[in-house]
Each structure stands twice: as structure tokens, then as C-alpha cells.
Amino acid sequence: MSIVVKNLRHVYGEGTPYESVALDDVSLEIADGEFVSIIGHTGSGKSTLVQHLNGILKPKSGEVLVGGVNIAAKGVNLPEVRRKIGLLFQYPEYQLFEETLYKDIAFGPTNLGLSADAVDSRVREAMALTGLDFDALSERSPFELSGGQKRKAAIAGVLAMGPEALVLDEPTAGLDPRSHRDILAMIRRIREERGITIILISHNMGDVAEVSDRVYVMDGGRIAFFGTPAQVFANKARLKQSGLGLPPTLELAELLRAGGADIEGDPLTLDEAVELIDAYLERRGA
Amino acid sequence: MIRDITIGQFYPGESGVHRLDPRLKLILTIAFIVSLFVVRDFLGYGVVVLALGAVVAASRVPLGFILRGLKAIFIIIIFTFTMNMFMTAGEVLFRIGVLTVTKEGLYNAVFMGLRLVFLIIGSSLLTLTTKPIKLTDGIESLLKPLKGLGVPAHELAMMMTIALRFIPTLLEETDKIMKAQMARGADFETGSIFRRARSLVPILVPLFISAFRIAQDLAMAMEARCYRGGDGRTKLHELKFRRRDAVAVLLACVYFALLIGERFLPAWIFKGYF
């Protein structure tokens, strides 16, 4: 599902003393099947932006086109748009409410009006994809699960809607390192198995560098700049201006260079970093 | 959506009205509400409008912002208005089907409608110009003399402070949960009344859980800072009665004198002329 945003503007609390412009002239284009990350420091408008993508927030001006269709146009079926664009909010475990995990994940597909059989297969599929053991967990209360499992359950609840694009707002915030790795691996698996568009909001530059095709940097309600991870993270000064840092692998390469080690290239992933350091050690040894 | 409710909101400012002693503002607001029931004719309302207008102007809160608070009770005003218009006996003006509009009815409708509007504007001015913290400080201070009678003044004030403090937090939480469930295809707007009531479950369960979590966190944070009730507790901002407050009292006296005069004086002053 391609997503195009044109000159989007959003104002919170218009006409009150608390009025603030959250988005100002934001435009972006995301191709079908692309993995795009949005980074920016707190309050830069990331969450506000993604809430426009499935019509939960209405823009003050500008357009959102999902699969080429303007979602603000008359006669557009918003529930259908919300099915196509699965949106996972920050700390999504607070949306769990049912007696059992099964019923909670079934909430979305049931709302779509699917038959009991179809709902059942959707729930099983979503649980398998998120790595939740159906036999052990489906009849448990969602409130008994661990933090990481709750997060996965919430993601499964969105996946069970059968989205064609998945928008994840800081899916790993506040998790322990192991759950963090689990969730990240799960996101990659979802992309490989379903081939759907994924939009990721994250504060973890390492994750962003590792998984995205393209990166948008937001600052003060505007898109500051964008490009491939290599392009974006090559621009350290501009990132710093937007209150952001580098991925740890780039940070490391820079420190090594400062210490006199001649590392050639800018590693974006851990594997690349290992390779470049190996290459350096070999050269030095020779 | 939910955030558009302005009733009971605070409008930040530094005007003289904002800086008045909250105790005085509380008392004057109550007196103002009582005074609305003393007025019996439109000349009296003239005095009310003048006084209210002066306070609004002095508070520097935009009139549009105040009037927006009326939107929430618009239905009540319309209801009172129509009830009065059709239900009062008297000289018939015109008929619409089985309903008759009388001269007295129309008069009553406008009169009662205006009373409601003044009531809301007057009381919302209190919350618009007083920080919730100061308001509860004022209430605590006013209730203190009743402590001997067993009124837990400090505890009541603390409860109010906490309740007020968490209204925006819980609204935000509700907003967030609603959006998350909408993203999962929840529908809160269509269907029969039972369907709609059922559709609230996915909001209320997470909201209750959040509320308990927040309450627990707050209780722990308070205990960690050795909170143990009001005994021996001092205040960062002591309430003081200043010159500004004395001026307000004087002006209020003028207002009440005018109202009482308007209501009772004409009876004997103008007797000879009618």
C-alpha cells in the first residue's frame, strides 16, 4: 500500500491559549512494500503525523493519499482505511481489555464483520507471526502476560486486521533488551512473510539504521531532511541540530578513527562494523 | 474531540482578577449567584451585565473563550427556554398547533434563559481566572473554621486538588485508548443504544486499569516524600488579603447596593409619579 502525504498541517487546541502547530507543511511519499523510519526528538510531530495516515486525526489542510485515494474525500470508507493501515500506538499494551488473549486479538477482525472461522484463522496466524504460543497463551488473561508478551499481543491485535501497511509508533520503547530484540526480529519477519509497507517511529538509531530502506527526519513539526540511512546518518551536523545522534556502529567507527585506527567506510549494522574492523586489523597485521 | 470542553478550564493570565485572593473570589462568586435570584426585572439585569462585563474586561479572558463554555450547556438553556415559553399561562400572543405562546411565557423564557447564561458565565469566570491549586487552597482555608465540627478541611482540599489535577490526564488517556480501539475497527458512533453502551467496554476497562495504576504511582510518590496529612504542614504560597482585594470588596458592595436599590427602592421613591 503506497502512502503519500501532501502539505499536511495540523494545529492542536485551535483558538485556545494552548494552541500549537504540530505539523507544518509535511510532505512524504512511501512506496508499496517500502520500510520507512521516521525519527525526531520528542514533540517533533512524529506521532501526530502517523495518526493522520489512517484518518484518526483530521488535517487542518493538506492531503493524505492511501493507495492513491484521498482519505478525506467524501464517500471514503474510513473503517476500510483503518483496516488497510494497521496503526500501533505507543505503549499499546494499555489497549488490552478482554478476558482472554484470544478474544482480545479477535476484537479487530470481529469488528470487520468476519465469520467465526475467518476470525479464528486470523488470530492463529497473528499469534504465530508475533511468536505467541497459541496453546499456552490464547486462554490466558492478557493482564497476566509479561511486558514483552503484552506488547506482542497488542501487535498481534493489529496484525489480525490484515493490514496492507503497518505503522509502528515506538514499538520497543521501555522494553528489556531481550524483548527489544524479539520485537525487532518480529517486525523483520512480518515484512519478509507479508511484504507489507512498514513505517517505524523510533528513538533507537541503531534499529533505524539496520532495518529501514529510507529515513525521514522530523524537527519542529516539519520534515527536516530524508534519504537512505547511509545518506541521513552521514549528516551528523544536521542530525545534531535536530536533537538526534548517530547509530552506535557509526559512533564506534568515529571513535576508532579519532583514536588513530584507519576504519574505511561507515558501518550501519553490527555485521558491517565487524567486517570493517576485521579488514582494518588484517591491513595492520600485514 | 474530548479536549474541546472548556468548562472549568483555567485561562492563564496575569490580570488583576487572576491575582485576587481565591477565598474572596469564591465568596464573591457565591454572592453573585445569589444576587441573580434577587433580580426581578430587566433593569436589574442591566446592572448584572455591566458588572459581569467589567469583570470579563478586567480579566482579559477573550469573550469568545468564555462563550464557548456555554456550548456545553446549550441544550439545557434551550430546554428551559422552550419549557417556559409554552408552559406559562397568560395573555396569548400566538399559537403553533396545540402550543400557545403567551406574553408572560415569552418574558419568563427570556428572563430564565438569561439567568442561566449569567450563572454559567459568572461561575466559569472563577475557574477561568483561578488556578485549580489556588482554588483548593481557598476552599481549604474557608473550611478551616469548621475543623472543630469534624470537617476534614485539608483532606477534602487535597482530594479536590488531586481530582482536578487528573482530569486532563484521564481525558488524555481516554483519547489515546479511543484512538487505539478505533484503529482496531471499533465503532462508537453508530448502532442501537445497547450496542453503543457495549462499545464502551473496550474503553472503560483499560481506562480503569490506567486510573488505578496512576493512583498507585501517585500514592507511592507522595509517601516517598513523607506526606502524612495536613497537620503541621506549611504552604509555599500563603494566602494574603491585599489592597487589591479590598478594592474588589468595595466594588462588589457597590454592585450589591445597586441591585438591592434597583429592586426595593423604586417601590417607594417613584410611588408618587405612577
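This is a predicted model: local features need pLDDT of at least 70, side-chain atom pairs count only at pLDDT 80 or more; totals for chains, interfaces and linings use all residues.
**Entry 1: Asp25(A)**

Residues are numbered from 1 along each chain as its sequence is written, and chains are lettered from A and ligands numbered from 1 in the order in which they are written.

I found Asp25(A) in strand β2 (residues 20–30) of chain A. Helices (H or I, at least four residues) and strands (E, at least two) are DSSP runs, numbered from the N terminus. The phi of Asp25(A) is near 55 degrees, a positive value in a residue other than glycine. Most residues other than glycine have a negative phi.

**Entry 2**

I checked the length of helix α10 (residues 201–224) of chain B. Its 24 residues should span 34 Å at 1.5 Å a residue, and the end C-alpha atoms are 34 Å apart, which agrees. The expected span is 1.5 Å times one less than the number of residues. In α10(B) the number of buried residues is 2 of 24, so the helix lies largely in the open.

Just after α10(B), I noted Cys226(B) with a positive phi of about 60 degrees. Cys226(B) belongs to the loop between α10 and α11 (243–269) of chain B. Cys226(B) is exposed, with 6 other C-beta atoms within 10 Å.

**Entry 3: α7(B) and α8(B)**

I examined helix α7 (residues 132–143) and helix α8 (residues 153–183) of chain B, whose axes come within 9 Å and cross at roughly 165 degrees. That makes α7(B) roughly antiparallel to α8(B) (angles over 145 degrees count as roughly antiparallel, under 35 as roughly parallel, 65 to 115 as roughly perpendicular and the rest as oblique). Axes are lines fitted to C-alpha atoms, for helices over the stretch in contact, and angles run from 0 to 180 degrees between N-to-C directions.

Among the residues that meet, I list Ile133(B) and Leu143(B) in α7(B), and Leu156(B) and Met160(B) in α8(B). Contact requires C-beta atoms, placed from the backbone, within 7 Å.

**Entry 4: chains A and B**

I recorded that the contact takes 22 residues from chain A and 19 residues from chain B. On the side of chain A, the elements giving two or more residues are α2 (78–84), α3 (101–111) and α6 (147–159).

Key: Two residues are in contact if their C-beta atoms, placed from the backbone, lie within 7 Å. A residue is buried if 20 or more other C-beta atoms lie within 10 Å of its own, exposed if 12 or fewer, and partly exposed in between; C-beta atoms are placed from the backbone.
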